[in-house]
Amino acid sequence: MTNHTQGALAGAPASPEPVPAGLGNALVEEDWDALTFRVHRSAYRSQSVFDREKEEIWGHTWLYLGHETEVPNPGDFKTRTLGGRPLIFCRDAAGEIQVFLNACTHRGTILCRHNEGNTKFFQCFYHAWVFSNSGELAALPGDDAYPAGEEFRAAMRLRTVPRVQSHEGFVFIAFDPDVPDLLTHLGQAAHYMSLTANIGPQGMQTLPGVQLYSVKGNWKLAVENAMDGYHFAPTHNTFVGYLRESGFAVTDDDQYAYDLGSGHGLLVLTGHNGRIGMVWEPRFGEAEKARTVEKRQEMVDRLGAERAAEIADASRILYVFPNLLLFDLEALTIRQLEPVGPGHTDVRAWQFVEVGEPQEVRELRIRTMVSFVGPGGLATPDDIEAYEAVQRGIEATANAADPRHDWSDMSRGMGNEKAGNQGRSIDEGAMRSFWRHWADRVGDPAGPATGAEPDAAAERR
Ligand code: FES
Ligand SMILES: [Fe+2]
């Protein structure tokens, strides 16, 4: 048995290199002779695994925070939680992006209790300390009781996160000051983010408003689901039927999966369905058909034929380890995962649009997003039902009399991969590369946790 090969692409010839036993191997097993890959189900339900992830993954790598266009004006702010830590994401009076821990430096109270807004100052409700949107302690009641001079105030500035960097307007943070540069972390994923960021001639922006929903499932099930073309036809059969009725045939042919390294993954889907302004389909309407021709020409003129084709021809689902999913499909959606507990994940999603596009295109985008990847669309409720159902089933095999029953299988397509063929989106290669990276990072907290896991069970209730 060998473990954890790390190919550049999912379809690269598989010549599995044995790696030292130990790190993570106990929960993720692959066998290139038997062509099997399996994940121990405690990885989805154990509190100790969750705690280890929080430390080893969320504490030590770049996390997607938000897009710069969410805070377009000085004073704009959003609050959100990453890796369990509450944050303020804002643009200060000078127009600079700032990211603070959302905790008062006096005694730790959550400082800003709004989801979003615009302000020059954040005032703590507890003892009324006031901080500017660039982090200075601007005022505190009864300040004559504190040391005179600037030193005390300077020491009580809002705490920033150690690292903040952005790529194409996508802002990432890290709680570990020593992580490699963002572009190093993103690796090949940076290129695919750039493709999406270059769709609009005037750039791209998030639409105001966020879709926030909670899922009773482990965050890794959301990653698997996004990298899983195998489920598309059976799970979304209503949507597939609707596409067929509207005159657009979907196919699994020419659809591939790529391992982008560092846990990042990519599905490239040419036969999925339309792309607004780029690949027309009947339900987009006749007016959009003519615009698609113009838009394609605009892209060729601006970017050259080759890059325009790379951006426009195929739909893509990009996963940036650990918490960003970029759906560049019929509608463009940014999705962020925030693990709350082993069996509980918060999801935020934003619609990503071209700056300055005509109103009718904007409306088509929103209608299309709502019909498929939106939380009430024809796809996302199916997916959420799938990963909540998986989580329930995973709980069911804990403490199974036969320990072989407590593993999930992800072997699909290993023979094809071993033969040196490009991995297909309907195989499970993109999941395997994710899990290899996960195992390398998380290591083996305690071996397969086949014993009782009361904390995980309690979390679900
Ligand atoms: S805890 Fe914020 S002012 Fe005291
Ligand atoms: Fe799906």
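## Helix 9 and helix 10

Helix 9 spans residues 286-303 and helix 10 spans residues 305-312; they pack at an angle of about 130 degrees, with their axes 7 Å apart. Axes are lines fitted to C-alpha atoms, for helices over the stretch in contact, and angles run from 0 to 180 degrees between N-to-C directions. Helices (H or I, at least four residues) and strands (E, at least two) are DSSP runs, numbered from the N terminus. The model is predicted: local features need pLDDT of at least 70, side-chain atom pairs count only at pLDDT 80 or more, and totals for chains, interfaces and linings use all residues. Residues are numbered from 1 along each chain as its sequence is written, while chains are lettered from A and ligands numbered from 1 in the order in which they are written.

Helix 9 brings Arg296, Met299, Val300 and Leu303 to the contact, and helix 10 brings Ala305, Arg307, Ala308, Ile311 and Ala312 (contact means C-beta atoms, placed from the backbone, within 7 Å). Of the residues in this contact, seven are nonpolar, two are charged and none is polar. Here Ala, Val, Leu, Ile, Met, Phe, Trp, Tyr, Cys and Pro count as nonpolar, Asp, Glu, Lys and Arg as charged, and the others, Gly among them, as polar.

## Helix 6 and helix 12

Helix 6 (residues 219-226) packs with helix 12 (residues 380-396) at an angle of about 130 degrees, and their axes are 10 Å apart. Helix 6 is therefore oblique to helix 12. The crossing of these helices is right-handed.

Leu221, Ala222 and Asn225 of helix 6 meet Asp383, Ala386, Tyr387, Val390 and Gln391 of helix 12. This contact of helix 6 with helix 12 has five nonpolar residues, two polar and one charged.

## Two domains

The protein chain is assigned domain 1 (63-167) and domain 2 (207-441), with bounds from an automatic or database domain assignment. Their C-alpha centres lie 34 Å apart. Five residues from domain 1 and seven residues from domain 2 form the contact. On the domain 1 side, strand 3 (63-67) and strand 4 (76-82) each supply at least two residues, and strand 3 gives the most, with three. That side has three nonpolar residues, two polar and no charged.

An unreviewed UniProt entry lists residues 63-173 as "domain: Rieske"; such annotations may be inferred rather than shown by experiment. The end C-alpha atoms of residues 63-173 lie 5 Å apart, and the span is 5% helix and 41% strand.

## Backbone details

Most residues other than glycine have a negative phi, and most peptide bonds are trans. Leucine 35 has a positive phi, near 60 degrees, and sits in the loop between strand 1 (28-31) and strand 2 (36-40). Phenylalanine 321 and proline 322 are joined by a cis peptide bond, with omega about 0 degrees. Proline 322 is in the loop between strand 17 (315-320) and strand 18 (324-328).

Notes. Contact = placed C-beta atoms within 7 Å. Parallel < 35°, antiparallel > 145°, perpendicular 65-115°, else oblique. Left-handed = near helix turned anticlockwise from the far one by under 90°.
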